[in-house]
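These are my notebook entries on a structure that I looked up. I recorded the surface and then the pockets.

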Amino acid sequence: TGKSQLVRRLAYMTCNNELLIKEGEGKTAPGNYCMVQVKPNWHDSTDLLGYYSEMGKRHFVNTPFVEFICKAYAYPYTPFFVCLDEMNLAPVEQYFAEYLSAIESMENKDGVWLTDPLVEVDKTGEKDASGKEKVDVEILDQIMKGAASKEAADWIQAHGLTIPKNLFVVGTVNMDETTCQFSRKVLDRAMTLLM
């Protein structure tokens, strides 16, 4: 009991930004904490990472997890914590596959930590003054919904939605007959704490 509460308290203890602390006033968590409740019917990443929809005009259907990642880019010197509550109610390898693969791609390029993108931003086909292909600004706004930050927008335009270095994902689990087992792929990329 109290596993997710530990993550919440860790977010409070490490929050070094007054804006994020004030954002949490009157709530049970500061602005650098996000709880995502995993559902048993998650069998792909759309509930976690969103998806592109072709219904009507092409658009991006966002999620709180993606919005929180965008927010983490706006505060690069503050640790951000995502708590995947009851993360093994669904097969982790299915809904978390892109994240697990992106972790493996992490490298330091000229002092900047970079991963493969979790979400690619649609390109327009046009090039800017430096010769880079422009991104669809409407789609970018949909991905960044609720996290307006020039730094985040510039980063995502250049690299896609990658894993920021200040983002920590913590999953809580119970092991019983109603939950899924972890594969070696997940355990090899995790630090586990038994309570």
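Predicted model: local features only at pLDDT ≥ 70, side-chain atom pairs only at ≥ 80, totals over all residues.

Entry 1. Why is Met13 counted as exposed? I looked up the relative accessible area of Met13 and found 66%. A residue is called exposed when this value is over 50%, so Met13 belongs to that class.

Entry 2. Together with Leu10 and Tyr12, Met13 makes up a nonpolar patch on the surface. The accessible area of these three residues together is about 320 Å².

Entry 3. Rolling a probe the size of a water molecule over the atoms shows where empty space is left. The largest pocket holds about 1,200 Å³ of space. I counted 33 lining residues, and the closest to the pocket centre are Val170, Gly171, Met191, Thr192 and Leu193. Two or more lining residues come from each of H1, helix H6 (97-104), strand S9 (167-171) and helix H9 (184-188). S9 contributes the most, with five residues. I sorted the lining into 26 nonpolar, four polar and three charged residues.

Entry 4. I looked up the second largest pocket, and its volume is about 250 Å³. Its lining includes Tyr73, Trp113, Glu151, Trp155 and Lys165. Helix H4 (64-74), strand S6 (112-114) and helix H8 (150-159) each give at least two residues to this lining. I recorded eight nonpolar, two polar and two charged residues there.

How values were computed: Residues numbered from 1 in each chain as written. Heavy atoms only, no water. Patch = residues over 30% accessible without salt bridge, like charges linked within 9 Å, V, L, I, M, F, W, Y side chains within 5 Å. Areas by Shrake-Rupley, 256 points an atom, 1.4 Å probe, with all protein chains shown as cover. Salt bridge = Lys/Arg side-chain N within 4 Å of Asp/Glu carboxyl O. Buried < 20%, exposed > 50% of the residue type's maximum accessible area, 1.4 Å probe, protein only. 1 Å grid on protein atoms, 1.4 Å probe; cavity = no way out; pocket = protein on both sides within 12 Å on 5 of 7 lines; lining within 4 Å. Points joined across faces, edges and corners; volume = space filled by probe spheres on them. Helix = DSSP H or I, 4+ residues; strand = E, 2+ residues; numbered from the N terminus. Nonpolar A, V, L, I, M, F, W, Y, C, P; charged D, E, K, R; others polar.
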